[in-house]
Amino acid sequence: MKGMSEREYAAHSGLSRGGVQKARKNGRLVVHDDGSINAAASDVRRAEMTDPDQQRRSLGGESLASGAGETSSYIKARTLLTVYAAQDKQIAVQKKKGTLVDRARAETLVFRLARQERDVWVTWPGRVAALMAAQIMAEVERQSGASVTIETAIMQRVLEAHVREQLDALADLRVSLA
């Protein structure tokens, strides 16, 4: 007998005898002509052919049996995939709950709201100029006793100028949904 028996290789590799038999059946072991197992060659072939994640789970711990440099990149890729899947599920849940909003739609709604607000302010001086002029004339007459006349058109121009200044200042505001 040149190599190890299944029981000896099981003790050597830390696998169960059933695991050794399964590895032999799947071609992960190097077997001599007499049916014995070439331990060194089988260890190398198993390391090449076995999923590191499966190895870790079969060992029941966090450490891996193989020391290949590719193992850490595999684990990182597997971790990234798991994180991505979790984030994807979280987004799906947020969509169902209605807490996640489409960015393009939100930007469109914000723009529309700002436009409506601006339109209201642009038309405001025309609606209130006469009322404000009358209130100022009444207050001046009550305070001083003298009659004063304020042209509605002048009041409207003054209000429009101030409203335009305010709207120009607000035009510099940018909504960032990033």
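Predicted model: local features only at pLDDT ≥ 70, side-chain atom pairs only at ≥ 80, totals over all residues.

**Entry 1, helix H7.** I began with the face of H7 turned away from its buried side, and there I found the exposed residues Arg157, Glu165 and Asp168. For my own record, buried means under 20% relative accessible area, exposed over 50%, and partly exposed in between (1.4 Å probe, protein chains only). Helices (H or I, at least four residues) and strands (E, at least two) are DSSP runs, numbered from the N terminus.

Which residues of H7 are buried? I noted Met155, Leu159, Val163 and Leu167. Viewed down the axis of H7, the buried residues fall within an arc of 95°, so they line one face of the helix. That arc is taken over the directions from the helix axis to the C-beta atoms. The buried residues of H7 pack against helix H6 (103–144), where contact means heavy atoms within 4.5 Å.

I also checked the length: H7 (residues 152–171) has 20 residues and reaches 28 Å from first C-alpha to last, close to the 28 Å expected at 1.5 Å a residue. The expected span is 1.5 Å times one less than the number of residues.

Residues are numbered from 1 along each chain as its sequence is written, and side-chain values use heavy atoms, with hydrogens and water left out.

I counted seven helices and zero strands in the protein chain. Buried residues make up 17% of its 178 residues. Among contacts between residues at least 6 apart in sequence, 38% join residues at least 24 apart.

What is buried in H2? I found Gly19, Val20 and Ala23. They cover an arc of only 100° around the axis, which puts them on the same side of H2. Lys22 and Lys25 are exposed on the other side. The buried residues of H2 pack against helix H1 (6–13). Just after H2, I saw that Gly27 takes a positive phi of about 80°.

Asn26 lies in the loop between H2 (17–25) and H3 (39–49). Asn26 and Met49 are 23 residues apart in sequence and 10.0 Å apart in space, C-alpha to C-alpha.

A salt bridge here is a side-chain nitrogen of Lys or Arg within 4 Å of a carboxyl oxygen of Asp or Glu. By this rule the count comes to six.

- Arg46 pairs with Asp43, their closest N and O atoms being 4.0 Å apart; both lie in helix H3, three residues apart, about one turn of the helix. Arg46 counts as buried at 12% relative accessibility, whereas Asp43 is partly exposed at 28%.
- Arg103 forms a salt bridge with Glu107, with 3.2 Å between the closest N and O atoms. Being four residues apart in helix H6, Arg103 and Glu107 are separated by about one helical turn.
- Arg118 and Asp119 meet in a salt bridge at 2.6 Å, N to O. Salt bridges that share partners join Glu6, Arg17 and Arg24 into one network.
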